[in-house]
Amino acid sequence: MQKSYFPLTTTIWLSLTLLMVSISLLSDYDRLKKKLSNDAHFVYSSVYEKTYINEVLLQNFTILVSASPNDHDAIRRFASEIRKRYPHIERLQIQQQKLPSNISYSSTNNYHLDQDNSDFNARFPVTFIEPLNADTRYLLNKDLLTEPLFTETLRFARKYHQPVTSPPFPISHNKQGYGLFLAFFERDAEPTPNNLYIASLVISTHGMLPATSFLSEHASISLMNDQGDIIDQYLSNSDQPISTWLPTLTEERTINRFGQSFTLSIVHPFGFMDINLGMLLTLLVASTAFYFVLTAYLRQKVRSAIEHSSVYETLQHERQQLEVRIHKRTRELREQLLENRRLTHQVLAVQELERRNLSRELHDELGQSLTAIRTDAKILKRIHPEESSLVNQTAESIDAIAQNIYDVTYGMMRSLRPSALDDLGLVDAIQECIISNRFKEHGITLHTDFSGALNEMSEVYNITLFRLTQEAFSNIIKYAAQAHNVWLDIHRTSLGQRKDIRGDRLELMISDDGCGFDIAADAFKKGFGLIGMRERVRALGGFFQISQNHDHGTRIVAIIPLSKAEMETEEADPVTPATLDQAEPVEP
């Protein structure tokens, strides 16, 4: 399943490689396009400047001719100077309109030429030409209007009096050119058909394009007029074949000023020579290296995943076995804990029974013997009433010793088994315990709060609460230094829930404001008093907690559940332990 990554990875790698190659080619294409646009702008500016010069020369030429059309010497000097400065000007010509001999006009000084009459049959013979030589002399007095090449051009110039170009024509065997015509009237004269002139420049198209050394050898430039005729052209001289599947870049600019309308077109085929092969090769090498590194990483990852899966399955199997063993051991420990609690409860019950029997034996046997001794001593004192007699004094001493032994024995009986617990109930037994601890003599104020039917419980609950109270009072007297207050709260309630114990329950809280102690370090590690208190509560399925009482002092909380079945069982057999809560968590 892990090997399915490789076809996907290869597909993604190929897609990314093609994308990067495409981006590289697009970058080269865009770079070439920008260069071609810059070249086209340069050529356009050069051609535009030349057309502007042509128009300025034509305007100056017409101004000179209109001022003095018959001063051919001045005109020729000007024309010769122009040709020297601007070699692309081949000829300068002047055509004057002549009327046919069979047409006459009335002599009027306000004659205006009807420019809208296209049927006007006039002649435009050449009256001036520079240079005048053997190759151009034949043009003198030649009517250019009869030449089909110039007919439309001359008519347009005569009608609109704006610069206009003629179609291209051969100037010599190896030169092409075109004419730039402009019609005008003689200055300071009434515009009549006899003073209408057309000045023209014959411009060589060779040299219209600038030097092409800046162009790529694969680029071609064409300069065309508005009829689509090629005026000047630079063709690529590259012998390399052009790929048909690669695009061809074309940049066109239009020049339509000064009566000269041209279209400039630069064509450059996008070929392998325009591709940055170094960058492309670097890109392919880097992409290939990345692919091999990535595939090696994926193979290592697959092997690691397989090993991880094997280790995981082994660990999972071991974990399941460990969980089984832990569950089994936990169940055994829980059973052992329950058994220990049952035994603890049984031991405590047997201990209380032995204490009761021992207290009864002390009361019955030793008490009767002490009573008999004191009776005999009183008889002796009655027989020998003289206080100075040895017998009377001895009897008095025996009676005092017997009384002291009785007091000590009575204290032991109350410690072993308080008689008030059997005769009067739990509350009176606790009150007797409070009196015996003599809190006032130790400077301690006791605050008590009892509620609920505390005298209606079975023996096991009464003796448990009494022992908890007795042990807590003993610890307070011994260890709670600087204690001034002790709080004892015992409640029996069935309302609500506390510590996951609901229903009929006992709630005991004993707290003091003494110096306290380190509960985590010393609570259940030194002595058996707190351990015995905890085990008594847990044996009855209850909750036991010892904590700090706010900022200082100690607090003991015990919550013991009550049940009718347990109470009835305890009344029938005081030695039988109460039923334990099977869901109680194991104490760490």
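Arginine 505 is buried, at 3% relative accessibility, where buried denotes under 20% relative accessible area, exposed over 50% and partly exposed the range in between (1.4 Å probe, protein chains only). The structure is a predicted model, in which local features require pLDDT of at least 70 and side-chain atom pairs count only at pLDDT 80 or more, whereas totals for chains, interfaces and linings use all residues. Residues are numbered from 1 along each chain as its sequence is written, and side-chain values rest on heavy atoms, with hydrogens and water left out.

The side chain of arginine 505 meets that of glutamate 507 in a salt bridge, at 2.8 Å from N to O. A salt bridge is here a side-chain nitrogen of Lys or Arg within 4 Å of a carboxyl oxygen of Asp or Glu. Glutamate 507 is likewise buried, at 13% relative accessibility. Arg505 and Glu507 also belong, with Arg498, to a network of salt bridges. Side chains of opposite charge can pair when their charged atoms come close. By the stated rule, 14 salt bridges are counted.

Two further salt bridges involve buried residues. Arginine 534 pairs with glutamate 535, with 3.5 Å between the closest N and O atoms. Arginine 534 has a relative accessible area of 14% and is buried; glutamate 535, with 18%, is buried as well. In the other pair, arginine 253 forms a salt bridge with glutamate 251, and the closest N and O atoms are 3.5 Å apart. Glutamate 251 is buried, its relative accessible area being 17%.

The chain comprises eleven helices and 17 strands. Helices (H or I, at least four residues) and strands (E, at least two) are DSSP runs, numbered from the N terminus. Of the 588 residues in the chain, 38% are buried. Contact is defined as heavy atoms within 4.5 Å; among contacts in the chain with a separation of 6 or more, 67% involve residues 24 or more positions apart.

Five strands form an open sheet of mixed pairing, in the order β11-β12-β15-β17-β16. Its edge strands, β11 (445-451) and β16 (543-548), each pair on one side only. Neighbouring strands of this sheet are turned by 5° against each other on average, with direction ignored. Such angles run from 0 to 180 degrees between N-to-C directions, and axes are lines fitted to C-alpha atoms, for helices over the stretch in contact. Strands are taken to pair if DSSP finds at least two bridges between them. Between β16 and β17 (residues 554-561), six bridges are found, and the pairing is antiparallel. Phenylalanine 543 has isoleucine 559 in β17 as its bridge partner. Helix α8 (residues 459-479) packs on the sheet and touches β11, β12 (485-493), β15 (505-512) and β17, with its direction at about 5° to that of β15. Helix α10 (residues 529-539) lies across β16 and β17 and runs at about 145° to β16.

Strand β7 (residues 220-225) is largely enclosed by the rest of the structure, because five of its six residues are buried. Strand β10 (residues 260-269) runs antiparallel to β7 and is joined to it by six bridges; serine 220 stands opposite valine 267 in β10. Strand β8 (residues 230-234) also pairs with β7 in the antiparallel sense, over four bridges, and methionine 224 stands opposite isoleucine 230 in β8. The strands β7 and β8 form a hairpin with four residues between them, and glycine 228 in the turn has a positive phi of about 90°. In a regular strand the side chains alternate between the two faces of the sheet.

Accessible areas come from the Shrake-Rupley method with a 1.4 Å probe, and for residues only the protein chains shown count as cover. Leu8, Ile12, Leu16, Leu19, Met20 and Ile23 form a nonpolar surface patch with about 540 Å² of accessible area together. Patches consist of residues with over 30% relative accessible area and no salt bridge; like charges are joined within 9 Å and nonpolar side chains (Val, Leu, Ile, Met, Phe, Trp, Tyr) within 5 Å. Isoleucine 12 of this patch lies in helix α1 (residues 5-67) and is partly exposed, with a relative accessible area of 43%. Arginine 77, in helix α2 (residues 72-85), is exposed at 57% relative accessibility. Its C-alpha atom is separated by 9.3 Å from that of glutamate 130, 53 residues apart along the chain.
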